Amino acid sequence: MTRPPVALTIAGTDPSGGAGIQADLKAFTARRAYGTSVLTALVAQNTHGVERIYPLETGFVADQLESVLSDLPVDAAKTGMLFNAGIVELVAAQSARLGFLVVDPVMVSTSGHPLLEEDAVAAMRERLLPVADLVTPNLPEAALLLGEDEPAAADPAAMRAQARRLLDRGPAAVLLKGGHLDSGELVDVLAVRDESAGGVRIEEFPGRRVDTPHTHGTGCTLSAAIVAEIARSRQEGEAIDADGIVRAVRAALGYLSRALRSGAAWQLSLRPEGSHGPVDHLVDLTTTPGAASADAAAVQEAADAAVQEAADAAVREAADEPRGPELAGPTSRWAAGEHSQAAWDAGADYRRQTDELPFLRELAGGTLDRLSFVNYIVQDEHYLLGYARAMSLLAARTGSTEEARFWAGNAAEAIAEEQRMHANLLADSAFAAAMQQLEDRGLTAPSPTTEGYTSWLVSQAAVAEYEVAVAAVLPCFWIYAQLGKDLKARLGETGLEGHPYREWIAAYGAPEFDEAVRQAVGIFERSAASAPAPVRERMIAAFTQACRYERDFFDHAHRLRTWE
C-alpha cells in the first residue's frame with residue numbers, strides 16, 4: 001500500500017487566505033504533501049490586519065488533535081498561532097506523536113496585532129522549545145523567546161549568536177529569519193545540532209530582498225513548506241539528520257522566494273493603500289504561457305502515448321536504412337564520477353534508440369530534408385524557452401552562488417542561441433521556403449511532444465528536490481554534446497565542408513558548450529554524492545525520463561503526421 005506524505009498544521013485561521021491554516025494547506029499541496037489541520041482560534045483578519053480573535057476551548061483543540069493522530073500517520077507537523085498557555089501545553093504533551101515538529105512561534109501579526117497571550121510566551125520557552133525539532137522565529141520573536149529585555153539582532157553576527165543561544169533552550173535546530181534586518185542585508189541563519197561539525201553547525205542563506213508590501217503570511221508559508229519537505233523525506237524512509245534539515249530549509253526558502261516574486265505585483269485588496277497582500281502559494285503549479293496547464297504528470301503520459309508508437313516504428317525502420325556515421329557510444333568523457341556514469345548508463349537504451357532514428361542518421365549524412373530540419377528548429381525554439389525557465393528556477397533554488405550564476409547564464413544563453421539560430425535559418429532562401437510551408441500547414445505552434453517535455457521539465461525544476469531537478473535538465477546538455485562530438489569526429493573537417501547542417505553540428509561540438517557540459521555534470525555529481533540514497537534513485541529516474549523525452553523530441557520533428 002502506498003500513501004502520500006502527511007503534514008499537520010496546528011494554527012489559527014485567516015479567512016482572507018494569506019496566512020494561518022489556509023496558507024499552510026496551500027503550501028502543503030504545492031510542495032506535494034497531504035495536508036491536515038487542527039484549529040486553535042477563529043480569526044477575523046484580512047490584508048489590512050487582525051480585527052478579532054475567537055480562541056477555541058483547549059478541550060476542543062485536543063479533540064481535533066486526537067481525531068487526526070488516531071487515524072492518520074503524521075510525518076511532520078508545525079505550530080502557528082497557539083494563542084494561550086493551555087494550547088501550548090497540549091501541543092508539548094503530544095509532541096512525540098507529531099513526527100518532526102516545527103514550531104513557528106507566532107506572536108505578533110504583520111499588522112502588529114498580538115497573537116499570543118503573555119503567559120503563553122513563558123510556556124513556549126519552557127515547554128515547547130525543548131521538544132521542537134526546528135524553531136523558526138523572526139528577529140523580534142527570537143529576542144522575546146530569549147528574554148523580555150533581549151534586543152533584536154541587528155546583523156548576521158548577532159543572529160548567529162542568538163540562534164546558538166536558542167539552541168541551548170532545547171530544540172534540535174533553529175532557523176532565525178532575517179527579514180526584519182534594517183541594514184538592507186537579507187540573510188537567514190540556521191543553527192542545527194551536528195556532532196560531525198563539533199556540536200553545532202551554522203548555515204547562512206543569503207537572499208535578495210523583494211520590493212513588495214505583500215508579505216502577509218510569509219512566516220506561515222515558509223514553516224509549512226519546510227514541514228512538507230521533511231514529511232516527504234520521512235515518508236520515504238530517509239533519516240532527518242543535519243543534512244536533511246539543511247536541504248529542507250534551502251528548498252523551502254527557494255519556494256518562498258519564488259512565491260514572493262510572483263505575488264509582488266498583485267493587487268487583491270479593494271482598498272490597496274496600506275494593504276499587505278499574500279504570496280503566490282501556487283507559483284510552482286503554473287507553466288509557461290501557451291504550455292499545457294494540466295498536471296505535468298498527465299501531460300507527460302498523454303505525450304508519451306501520442307508519440308511512442310511512432311518512435312518505436314522509427315527504430316524498427318532505421319534497421320533497414322543505410323547507416324550514417326555511428327553516434328553516441330556506451331561511454332562518455334564528461335562523466336565526473338560514479339554517480340554521473342551511473343546516470344549515463346541508465347539512459348543507454350534511450351540513447352541507442354535516439355542514435356538509430358532516421359532524423360539523426362539523415363542529418364549526419366546530409367540527406368535530411370529541409371522541412372524536417374526546420375520543423376525541428378521551430379519546436380526547439382519553443383523547447384528552449386521552457387528550458388530557460390527551468391534553469392532560471394534552478395538558479396533561484398540553489399544555495400550556491402557559483403551554481404546560480406551557471407544556471408542563470410545558461411538560461412540567457414539558451415534564449416540567445418534560439419534567436420540566433422532562427423535568424424540564420426531564415427536568411428537562407430531554401431530554409432525560409434520550408435518555414436513558409438510549415439506556416440501554411442499550421443505547424444509552427446508547440447507540438448504535444450514539446451509541450452509534454454517542457455511542462456514536465458519546468459515542474460521538475462520547480463517542485464522536485466533540487467538534486468532531482470538538476471538530473472532532469474542534464475540530458476539536454478550531455479546528449480547534445482555527445483552527438484556533436486561524435487558527428488564532428490566521424491565527419492572530420494572535410495566532411496563538414498559544404499554540409500547543409502554544419503552550423504548545428506558545430507554549435508554542439510564547440511569548446512564553449514563542452515565546458516558548459518562539464519560544469520553541469522559536475523553539479524550533478526556533487527549533488528548526488530551528498531544526497532541520500534532515495535534522492536539518488538529519483539535523480540537516476542529523472543535523468544532516464546529526460547533521455548526518453550530527448551528521443552521522442554528528435555523523432556517527432558521527422559514525423560509531422562504524428563501531430564498534424
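A residue is taken here as buried when its relative accessible area is under 20%, as exposed when that value is over 50%, and as partly exposed in between. By this criterion, 57% of the 564 residues of the protein chain count as buried in the structure, which is a predicted model. The accessible surface of the chain comes to about 22,800 Å², and 51% of this area belongs to carbon and sulfur atoms. The chain contains 20 helices and ten strands. Where contacts join residues at least 6 apart in sequence, 75% of them link residues that are at least 24 apart.

Two helix pairs that share helix H3 were examined for their packing. Two packed helices are described by the angle between their axes and the distance between the axes. Helix H2, formed by residues 58-69, packs with H3 at an angle of about 25°, and the two axes are 9 Å apart. Because angles under 35 degrees count as roughly parallel, H2 is roughly parallel to H3, and H2 passes H3 in a right-handed crossing. On the H2 side the contact is made by Thr58, Val61, Ala62 and Leu65, and on the H3 side by Gly86, Ile87 and Leu90. Sorted by class, the residues of this contact comprise five nonpolar, two polar and no charged ones.

Helix H3 (residues 85-93) also packs with helix H4 (residues 118-128), here at an angle of about 15° and with the axes 8 Å apart. At this angle, H3 is therefore roughly parallel to H4, and H3 passes H4 in a right-handed crossing. The residues of H3 that make the contact are Ala85, Val88, Glu89, Val91, Ala92 and Ala93, while H4 contributes Asp119, Ala120, Ala123, Met124, Arg127 and Leu128. This contact of H3 with H4 comprises nine nonpolar, no polar and three charged residues.

Positive phi values were also found in loop residues other than glycine. Phe83, which lies in the loop between strand S5 (76-79) and H3, has a positive phi of about 70° although it is not a glycine. Phe83 counts as buried, because its relative accessibility is 12%. Arg32 is located in the loop between helix H1 (20-30) and strand S2 (34-39), and its phi is near 65°, again a positive value in a residue other than glycine. With a relative accessibility of 40%, Arg32 counts as partly exposed.

Technical notes:
Residues numbered from 1 in each chain as written. Predicted model: local features only at pLDDT ≥ 70, side-chain atom pairs only at ≥ 80, totals over all residues. Heavy atoms only, no water. Axes fitted to C-alpha atoms, helices over the stretch in contact; angles between N-to-C directions. Helix = DSSP H or I, 4+ residues; strand = E, 2+ residues; numbered from the N terminus. Parallel < 35°, antiparallel > 145°, perpendicular 65-115°, else oblique. Left-handed = near helix turned anticlockwise from the far one by under 90°. Contact = heavy atoms within 4.5 Å. Nonpolar A, V, L, I, M, F, W, Y, C, P; charged D, E, K, R; others polar. Buried < 20%, exposed > 50% of the residue type's maximum accessible area, 1.4 Å probe, protein only. Areas by Shrake-Rupley, 256 points an atom, 1.4 Å probe, with all protein chains shown as cover.
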